[in-house]
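Visitor: Hello! I am new to this structure and would like to learn how to read its features. Could you walk me through a few of them?

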Amino acid sequence: MRQFYLYKNQSGYFNAVLVDPVTGKKGKDKSTHTKDKIQAAVIASGWVEHGVPEARPNSRGYALDSSAQRLNLKYICERVNETEAMELVNLLCKKYGLLIPSSVVAEPVVAVPKKKIVVVRKKNVENVAPVAVPAPAPATVPKPKKEGIPLSAFLLNFWDFEKSVFIKRYMAHGHNMTKSHTDNMLSLVRNYWQPYFGDEITVQELDRTTLDDFFFYLNTEKGLKGGTVNKAINCGSRALRYLFENKKIDSNPMAGIERFNPDEAERGIPTESEVRQLLNAEWPNEAYFLAFKLGAFCGLRAGEISGLRVCDLDLDADLIHVRHSWNDVDGLKCPKNSDVRDLPIDHQTLLQLTSLAKENPNYSDLSYVFFSPVKPEQPYWPSYYVDGLYEALEKIGVSEEQRKERKIVFHSLRHFCATQLSMKTDLKTVQAVMGHRTEAMSKHYSDHETEKKLQNMRSIMQVTWKDIMTA
């Protein structure tokens, strides 16, 4: 078990958090008062061995407390250059009244190089004046270029939807990657990875300890929730794994990184009584009401409701084909987990959906059912249905304060649907309705096995709707 963690505070100095080796609990959190990580590690190691000094970080007792950390003179000697060394000697002589060596000037002065004159004299030659030859200028040694893959630049390019080679190859193999997802990953790089590591550090300089400290810093110093830190871990994990798999690095420093507790509170769901009241409530418009029914009785996500088109409504078989989802960044895309599914639906609701779709001035097989009156060629944004649900909840007596306390959102309708179905059928049927599978339903309805599954789903869903609506 690690005995301490290091992370940068807002001022750029490293803080050390000591860990109890027996219980594993985090102990004192104290600044090492240095921006050098190596020196901070030395100081923290001293605290582990001798105990943390009680003095404040900026007090004399903090630096001179011999029981905690003695001054590492050898370390200082190796770090300073010649000008800094002369300045240090000068300060020490002044402080303790020592004799200032003749080779040390009173104050450090930036030396301006002067041309040296070399006098050349010829032997056995009389009345010949000395010839002045300027000394050759010292050759400038170019700063060695840092080898390796710059971390921040690599991550920014890796998650760039338009430029990333990884994303292009990934999608070329038939996998799904949305721009909204890559934009989220880019935000994590810009907000957390780049500010912490800067632009100089390379991928080859990373190790598990450094990354562990970074994620611990996000959780403790930045105050990010466990779920957000886990997203930052996903951001780096996928990118560095790509380098390792393509033999760009010898080992993957993200391997074995421990994830954090998500700390995500479960969403609340409306009761059966509240759903019955919502069915009989006066909704602001038909789109709000039909979106509510699809969420509560079919388990559709808000994006899948926006993605419904006229060609997805099957009046002959009383089915809706969930083939797409829609958002304002990616437009029309595959559903979550690329799971295309077919859901039985009552004929009356299907007729209501068709009637709504026909109000579109651009009505066609490919027009959207939940079209926007402002831009008929586009559907409502998924967030649109939220407002309607909240208004309807207030009408049945669920105030805004109660709704927030119970954590009821539009996605709660999907949870309500799953809960009701799980009480009446097996998990496999629930998964088929909710679209939790990763394998798409690709067989035609004439297939006996698929037809049997659909009939089973239809029976269960009809019983569920009837129980709720007639109770």
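Guide: Gladly. Please keep in mind that this is a predicted model. Let us begin with one side chain: Asp-213 has a relative accessibility of 2%, so it counts as buried.

Visitor: Which side chain does Asp-213 meet in a salt bridge?

Guide: The general idea comes first: side chains of opposite charge can pair when their charged atoms come close. Here, Asp-213 is paired with Lys-37 in a salt bridge, at 3.7 Å from N to O. This pair links distant parts of the chain, 176 residues apart. Asp-213 belongs to helix α8 (residues 208–220), and Lys-37 to helix α1 (residues 37–50).

Visitor: How many salt bridges does the structure hold?

Guide: There are nine salt bridges in the structure. One of them joins Glu-272 to Arg-276, with 3.8 Å between the closest N and O atoms. Both residues sit in helix α10 (residues 272–280), four residues apart, which is about one turn of the helix. Glu-272 is partly exposed at 32% relative accessibility, and Arg-276 is partly exposed too, at 22%.

Visitor: Where do Glu-400 and Lys-404 lie?

Guide: Those two are in helix α15 (residues 400–406), again four residues apart, or about one turn of the helix. As for the surface, Glu-400 is partly exposed at 34%, whereas Lys-404 has a relative accessible area of 52%. The cut-off for exposed is over 50%, so Lys-404 counts as exposed.

Visitor: Which residues are linked in a network of salt bridges?

Guide: Arg-301, Glu-304 and Arg-341 are linked in that way.

Visitor: Where is Leu-92 found?

Guide: Leu-92 is part of helix α4, which covers residues 82–96. With a relative accessible area of 40%, Leu-92 is partly exposed.

Note on methods. Residues numbered from 1 in each chain as written. Predicted model: local features only at pLDDT ≥ 70, side-chain atom pairs only at ≥ 80, totals over all residues. Heavy atoms only, no water. Buried < 20%, exposed > 50% of the residue type's maximum accessible area, 1.4 Å probe, protein only. Salt bridge = Lys/Arg side-chain N within 4 Å of Asp/Glu carboxyl O.
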